[in-house]
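I opened this entry to look up the aromatic residues and how they pair. Notes follow in the order I took them.

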Amino acid sequence: IELGRCCLDDPREERGDDTALTATVVGTGDEYPDGQICENDEDWYVIDLVQEDILNVTMLFDHERPEDDLDLYVLDSDEMVIGAAVSFNSDEEVSVTTVDGGPHYVRVQGHMGSSNSYHIGFDVVSFSP
């Protein structure tokens, strides 16, 4: 007999947040303490930025076993990765300066199918000439 772990997705999964098209809209100062990545799941967030804004994303989670590891990516409006945090420890943090304005995406995924709960926060330092 083999028993698997049961994973219940976060509340945003009801409408789907697994792609850029269905990403959860966020703004500076927003926090989500109830994030959940299930096996082979992704959570996407979108934030509108102007050129040379600095986006800081912090994700907190407990990494006690290899199957608890989560990774964090920031993508530009073309969905090209412009920043990543992929350590093998608890918590991830990434900071990027935008080259172009427009929508930018944050993707959270389990490393090699890992699952875990997480807390994520977004902060923007606005460009001022």
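I started with Tyr32, which is buried at a relative accessible area of 18%, under the 20% cut-off. I note that the model is predicted.

I then looked up the partner ring. Tyr32 and Tyr45 have ring centres 5.7 Å apart and planes at 40 degrees, so I logged the pair as tilted. Tyr32 lies in strand E2 (residues 31-37) and Tyr45 in strand E3 (residues 42-49), 13 residues apart. Tyr45 is also buried, with a relative accessible area of 0%.

Next I took Trp44 and Tyr105. Their ring centres are 6.0 Å apart and the planes stand at 70 degrees, so this pair is edge-to-face. The pair joins strand E3, which holds Trp44, to strand E8 (residues 102-110), which holds Tyr105, across 61 residues. Trp44 is buried at 5% relative accessible area, and Tyr105 is buried at 12%.

I counted three aromatic pairs in total. I also found one aromatic cluster, made up of Tyr32, Tyr45 and Phe122.

I checked Asn116 separately. Asn116 is in strand E9 (residues 116-125) and is buried at 12% relative accessibility. Beyond its sequence neighbours within four places, Asn116 contacts residues including Gly35, Ile37, Phe61 and Leu70.

Last, I recorded the whole chain. The protein has nine strands and zero helices. Of its 129 residues, 46% are buried. Among contacts between residues at least 6 apart in sequence, 72% join residues at least 24 apart.

Definitions and conventions. Residues numbered from 1 in each chain as written. Predicted model: local features only at pLDDT ≥ 70, side-chain atom pairs only at ≥ 80, totals over all residues. Heavy atoms only, no water. Helix = DSSP H or I, 4+ residues; strand = E, 2+ residues; numbered from the N terminus. Buried < 20%, exposed > 50% of the residue type's maximum accessible area, 1.4 Å probe, protein only. Contact = heavy atoms within 4.5 Å. Phe/Tyr/Trp six-rings, centres within 6.5 Å; stacked < 30°, edge-to-face > 60°.
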